[in-house]
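User: I am new to this structure and would like to learn how to read it. Can we start with where the chains meet, then turn to single residues?

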Amino acid sequence: MAASLQSVNPTLSRNLSSPNNSSSFVPFRSPFLRFNSTSVAPDFKPLVSFRNASSSFVTRSAAEPQERKTFHGLCYVVGDNIDTDQIIPAEFLTLVPSNPDEYEKLGSHALVGLPAAYKERFVQPGEMKTKYSIIIGGENFGCGSSREHAPVCLGAAGAKAVVAQSYARIFFRNSVATGEIYPLDSEVRVCDECKTGDVATIELREGDSILINHTTGKEYKLKAIGDAGPVIDAGGIFAYARKAGMIPSAAP
Amino acid sequence: MASSVISSSPFVCKSSSSSSKKDLGFSSFTKSSQISIHRCQKKSISRKIVSVMAPQKDRSPGTTGSVKTGMTMTEKILARAAEKSLVVPGDNIWVNVDVLMTHDVCGPGAFGIFKREFGEKAKVWDPEKIVVIPDHYIFTADKRANRNVDIMREHCKEQNIKYFYDITDLGNFKANPDYKGVCHVALAQEGHCRPGEVLLGTDSHTCTAGAFGQFATGIGNTDAGFVLGTGKILLKVPPTMRFILDGEMPSYLQAKDLILQIIGEISVAGATYKTMEFSGTCIESLSMEERMTLCNMVVEAGGKNGVIPPDATTLNYVENRTSVPFEPVYSDGNASFVADYRFDVSKLEPVVAKPHSPDNRALARECKDVKIDRVYIGSCTGGKTEDFMAAAKLFHAAGKKVKVPTFLVPATQKVWMDVYALPVPGSGGKTCAQIFEEAGCDTPASPSCGACLGGPADTYARLNEPQVCVSTTNRNFPGRMGHKEGQIYLASPYTAAASALTGHVTDPREFLQ
């Protein structure tokens, strides 16, 4: 039942939870998943997946049209060089992100590594989700490890976008590949002008996207997403590769 | 792209005018000038010059790329892997992958995505090009951690993965003939690193393998899941920053000092999205393990990858460990570099990175009043055979006992065996293990990533209290080794050993020379 609903309306995939079966690494068993086993092709295996192009239960960007996007909610402000150990301490890396239960648990630990100086925590103790939709950062956000658990935990916690002055490349790439959180570049040091708890809206438009801080009344231009745009717009690396003909498309 | 604008940064020098003021021998640098240079550095990043260096010494020409448009080593490797004759920085290209590595932390997630996207019955693109190396959370009672190794075993069985360095007996690492330990050291030791190839790993320190003159970088689970199915990845060609290290390496200086020096120079974001290419007479004198240490921390400067031109040292190491054919490439004489740095290594001094950033550089001797609680020698950065040899050499020269708990975690089984078997030069035939015991260090532990990244609560040598630790590892952000208020000083093995003997951060020259 769940699977057929998913094929009718991809947005439902976010709300469906799969039964907790023993094979902890496969969240969905769609009857539409079939594997066409053939001999090895010269360049790549002709693996055919009959899932719809909006892949997983965890990606949110894939389910919505990409041309015009709005994020609205509370801001959580952090400083420079927020590394992956602060985003998700290594002791939680035993949680496997492609497992639905563990995905949720990862979200509950998002940004728990921030020092005690951050009195207001991103996820309240005892909660699973955050009340902050937008993270505002400084330079080099997401530096450190290549752990994909970092953008995943932020997305799992319920954050929608990060606005930072600059990103570490692996974090940025993982954000784009997973579609878990939308990474945006500000042109100025927005983290100095916003406070945790400010209400803000991000409007993504062709060319000029903006961040509006309703609490201060200030608006900030955001840089165009650049080369990552086509990948994000397609819904992540798999969807992009299908569109580019790199891997076979999902069957109609 | 010929050079045009010359920036006013003091770090950039043209090869012809070698004014000693511009050379980066830093013994006379004070803290304040270091700060002002950082500011200058940050402002001048956007105006970085492209400088044309003097032609390279005798090198065989690259096999790809027309002579008219020169390419750097990295550009050539990627061009060949993308089956193109020419690429330039900024190009987004599909690249064939030679080796994909994963471990116990990211492997389950990567395979999970692979199955989700390609189907439950999907097969990997090439079961001989994937190397699965459990190393992160091994010697622990944490059930999820143990489960993750079991998950990888299932995947490897199902997919017929040729290289799975399995461990089943957690109580005795030696009882596991296949188990290796830290992935980046194991990759090198087992002959998976070859010049000219493209190696990806689900770990940021995959850049270590650039020491072998290949393109090596870290990727996330989703990218890895994609590679598992296709053997390809979409990459943007990075521009190259060149670091020329010349001069004779002082006896008390190690590759760790060199890379900490460089990261302190350019900051933790100084090489973001870029290649760091290391060359020069000093580089040529380094062993493979020292070159690995250098490339290992490229990611700490934000770098996409690090490369060192292969030479006789490289070929000697590689040809003893693999029979897979390979073809090295080298930067063209007319290649374009986005930045040029020169260092006179003979003028450098041992340095540390103070809490809480790898670019928080200070001279070791200027931190001599910092009281420490423990020393940790281990990890892909500082837990290789030569790292332990160096520490043992210093302990032996000093002839004293350590004043603080000193934890030793060999990176791999091979390293552990070397620590117990190889004689330390100048010690009259003693092994590292004997010297460590005489100095009062902890017994060398089971090989794994250990406490470098904290890990599950029962991880050996984890920082569970707000203590001060001198460590040969790679990152010191808050909470890195466990406790959020722990203070980690990153250092070379020499500096770590010297510090263990005094109970303070100590320049190794106190005991060497």
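Analyst: Let us begin with polar pairs across the interface. The rule finds 20 residue pairs in polar contact between chain B and chain A, both residues at pLDDT 80 or more. The confidence figure is there because this is a predicted model.

User: What classes of residue make up the side of chain B that touches chain A?

Analyst: Sort them by side chain. That side has 24 nonpolar, 20 polar and 19 charged residues.

User: How many salt bridges does the rule find across the interface of chain B and chain A?

Analyst: The rule finds 5 salt bridges there. Here is one to look up. The side chains of E117(B) and R242(A) meet in a salt bridge, at 3.4 Å from N to O. The pair counts because the cut-off is 4 Å between a side-chain nitrogen of Lys or Arg and a carboxyl oxygen of Asp or Glu.

User: How many residues of each chain are in contact with the other?

Analyst: On chain B there are 63 residues in contact with 61 residues of chain A. Area gives another view. About 5100 Å² is buried between chain B and chain A, and carbon and sulfur atoms give 59% of this area. R116(B), E117(B) and R144(B) supply 13% of the area that chain B buries against chain A, more than any other three residues.

User: Now take each chain alone. How many helices and strands does chain B have?

Analyst: Chain B has 15 helices and 17 strands. Next, check burial. Of its 513 residues, 66% are buried. Then ask how far along the sequence the contacts reach. Among contacts in chain B with a separation of 6 or more, 76% are between residues 24 or more positions apart. The accessible surface of chain B is about 17300 Å², with 51% belonging to carbon and sulfur atoms.

User: How many helices and strands are there in chain A?

Analyst: Chain A has 7 helices and 7 strands. Read their order from the N terminus: α-β-α-α-β-α-β-α-β-β-β-β-α-α. Of the 252 residues in chain A, 58% count as buried. Its accessible surface comes to about 10100 Å², and 54% of that belongs to carbon and sulfur atoms.

User: Let us look at single residues. Is H184(B) buried or exposed?

Analyst: Compare its relative accessible area with the cut-off. H184(B) is buried because its value of 4% falls under 20%. H184(B) sits in helix α5 (residues 183–189) of chain B. Its side chain makes a polar contact with the side chain of D203(B) at 2.7 Å. A polar atom of that H184(B) side chain also lies 3.4 Å from the backbone oxygen of H205(B). Beyond four places in sequence, H184(B) touches residues including M101(B), M292(B) and C380(B).

User: Why does S379(B) count as buried?

Analyst: S379(B) counts as buried because its relative accessibility is 2%, and the cut-off is 20%. S379(B) is in helix α11 (residues 379–382) of chain B. The side chain of S379(B) reaches the backbone nitrogen of T381(B) at 3.1 Å. Not counting residues up to four places away, S379(B) touches K384(B), V409(B), A411(B), C452(B), T472(B) and T473(B).

User: What about the backbone? Which residue has a positive phi although it is not a glycine?

Analyst: One of them is E83(B), with phi of about 55°. E83(B) lies in the loop between α2 (73–81) and β1 of chain B. E83(B) is exposed, with a relative accessible area of 64%. Y273(B) also has a positive phi, about 65°, and is not a glycine. Y273(B) lies in the loop between α7 (255–266) and β9 (275–279) of chain B. Y273(B) is partly exposed, at 32% relative accessible area.

User: Where is the cis peptide bond with omega near -5°?

Analyst: Look at the bond from P355(B) to H356(B), which is cis. H356(B) is in the loop between β12 (351–353) and β13 (361–363) of chain B.

How values were computed
Residues are numbered from 1 along each chain as its sequence is written. Chains are lettered from A and ligands numbered from 1 in the order in which they are written. This is a predicted model: local features need pLDDT of at least 70, side-chain atom pairs count only at pLDDT 80 or more; totals for chains, interfaces and linings use all residues. Side-chain values use heavy atoms; hydrogens and water are left out. Contact means heavy atoms within 4.5 Å. Buried area is the accessible area (1.4 Å probe) that two parts lose on being put together, summed over both. A polar contact is a pair of N or O atoms within 3.5 Å; within protein, one must be able to donate a hydrogen and the other to accept it, and residues adjacent in sequence count only if both atoms are side-chain atoms. Ala, Val, Leu, Ile, Met, Phe, Trp, Tyr, Cys and Pro count as nonpolar, Asp, Glu, Lys and Arg as charged, and the others, Gly among them, as polar. Helices (H or I, at least four residues) and strands (E, at least two) are DSSP runs, numbered from the N terminus. Buried means under 20% relative accessible area, exposed over 50%, partly exposed in between (1.4 Å probe, protein chains only). Accessible areas come from the Shrake-Rupley method with a 1.4 Å probe; for residues, only the protein chains shown count as cover.
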